[in-house]
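Please look at the model shown here and work through the questions that follow, taking each term with its cut-off before using it.

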Amino acid sequence: MSASTAPVTTTVTGWGRTAPTAARLIRPRTYEEAAAAVRECGARGGIPRGLGRAYGDAAQNAGGAVFDMTGLDRIHAIDADDGTVLCGAGVSLHRLMEVLLPLGWFVPVTPGTRQVTVGGAIGADIHGKNHHVSGSFSRHVLSFELLTADGEIRTVGRGTPLFDATAGGMGLTGVILTATLRLLPVETSLMSVDTERASDLDDLMARLAGTDHHYRYSVAWIDLLARGAATGRAVLTRGDHAPLDALPARARTRALEFRTPRFPAAPAFLPEGLLSRTTVGLFNELWYRKAPRARTGELQRIPSFFHPLDGVPHWNRVYGRGGFVQYQFVVGHGREDTLRRIVRRIADRRCPSFLAVLKRFGEADPGWLSFPLPGWTLALDIPAGLPGLGAFLDGLDEEVAAAGGRVYLAKDSRLRPELLAAMYPRLDDFRALRARVDPRGVFVSDLSRRLAL
Amino acid sequence: MKDAFGLPQSLLVLGGTSEIALATVRRLIARRTRVVWLAGRPSPALETAAAELRALGPEVHTVAFDALDPGAHEEVLGKIFAEGDVDMVLLAFGVLGDQAGDEREPAAAVRVVQTNYTGAVSAGLVAARALQAQGHGSLVVLSSVAGERARRSNFIYGSSKAGLDAFAQGLGDALHGTGVHVMVVRPGFVRSKMTEGLPETPLATTPESVATAVELGLRRRSETVWVPGALRVVMSALRHVPRGLFRRLAL
């Protein structure tokens, strides 16, 4: 084995920095090295990992192997006429944007960070601000190559059980090696953004339901510390890629330039409790006040519209050593009462959450463990050290499950396993497929152990 | 697996009839624990404890385990770990002994020390190796403030806990970075069967309070937990009291 793939035993956590476990980290650079890593991963199995942006324990494997897939970082082919790209699973969306934007193409779906790999995007079947229009990431995946437990490399096309089990399958069906994606044509690298304020949750939901279809991208930042009449007040930012003629004449020659701001990284050691009710309350108040009541057609760069936090490397450190939990759930249309009740419970509980986001999902995609459902999704960050948080979130899970909703596995680090089958009705199919494709249980993660996936 | 709050799904108790341990287990069952192994000397008390826990919902097994038989620890614990991951091992066995009697009868004193210290070193090392192989888990060791500074009234017990405490601290450092977390719990006077009839010292606590502190410590991945927390300050002051004065303190 070459030096680059020599395993290193190290402790691994997700982006939320909770529940560290030890694993051998192996970074394959070729298909052969990947196949060897899977073959030799030992009794406690292995799990592929990308850039470690899953919040919980999805890309950890205590006592076993973790395959760091960022070594498969080649972009193999771009069809600039048809708008498709064939690339290694370890290529980040950031890299794709750097390469594709000058050619007039954009990734079909981007989450709140560019620092995710294509393999991870399929494994978590990620969604973005355009879900109501474009669905989740897997909708734009034409095919991928999957290294399965038997050491075979299979080309997996849309509409097959293996495709649907892998899209959202959290890396448990095998290691994605390459993928072919369909891209979105753009004229510029700028966004034309409309911003407006909503005075409370009902106002917000009415605005999202009423006019979301006018926009390709739509999201609302929601102030979960506001109470009383202001409960659920929010700032909506919605927009689309700016057409060339929206740019001032001078800027049109550099219309497809992709620049990313970069601020100093968050320091490695920050005290806990930096994000308290007081500081977060203050931040939320300012954030809400600073947003214009209504502004249309503002030109924003891609990073500031989609990925504001990517500018601060290691921003997850602001939660201190104790880390944080991200809670994201979805409930279907017609379940607005559940959403209202949960928002009220969170506001009454005074969770210091400064990054809460509400979004209306469109049609679901066929991935068996894919998260999105047509309906409402709310995501919020909470310091893990908040007293009584575990029991509080268990209570929210009950409401979500009773309403036919679910929580997002890519963010989960604490779900009660008993609720999983109710949230994901295709779970049995997923388990049956894994039993068939991976009878020895080679692909295992802390998430799959914790939830018996 | 433990969740983001350090709550275990499976739990092994060494010293399965300890009241502190059982209070802790009950608390963790109310959270996430679904599999419990109660290891101890076979007795009706062990079976009763298991039956009571079973009524709360989880799968509960009892296993014959004797702290005084270190030769068997490898095999006993090995069988448990072979059944599946153990997210937390609670090392809870220990005897108080009878200070006056033990001073007269060295063989009895040795038994106290062998249980509390030698047995714990053996079981602790065996458990640590198994946890390290699975790459995760917490080893929670019930120490005592009695080990912080030996007192005239129970220095045999105190010295055994001092040894245990030092051992567990070192083990925690040895396992740092292996995914295994070692937490030393130092309760003060706990009102329980073990201390029945003994005069209470100030800051006395209950098994339930120790359980609460353990849950909190798991969430924070603490290395040392005092119960109640104020004992940390009290004991750090007492450590520095001159011998002549300490001897005369009615502790």
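Domain bounds come from an automatic or database domain assignment. This is a predicted model, in which local features need pLDDT of at least 70 and side-chain atom pairs count only at pLDDT 80 or more, while totals for chains, interfaces and linings use all residues. Residues are numbered from 1 along each chain as its sequence is written, and chains are lettered from A and ligands numbered from 1 in the order in which they are written.

Q: What distance separates the centres of domain 1 of chain A and domain 2 of chain A?
A: Chain A is divided into domain 1, residues 71–186, and domain 2, residues 190–414. Taken over C-alpha atoms, their centres are separated by 24 Å.

Q: How many residues does domain 2 of chain A bring to the contact with domain 1 of chain A?
A: Two residues are in contact if their C-beta atoms, placed from the backbone, lie within 7 Å. Domain 1 of chain A gives 30 residues to the contact, and domain 2 of chain A gives 28 residues.

Q: Which helix gives the most to the side of domain 1 of chain A that touches domain 2 of chain A?
A: Helices are DSSP runs (H or I, at least four residues), numbered from the N terminus. At least two residues of that side come from each of α2 (93–100), α4 (131–134) and α5 (161–166) of chain A. With three residues, the one that gives the most is α4(A).
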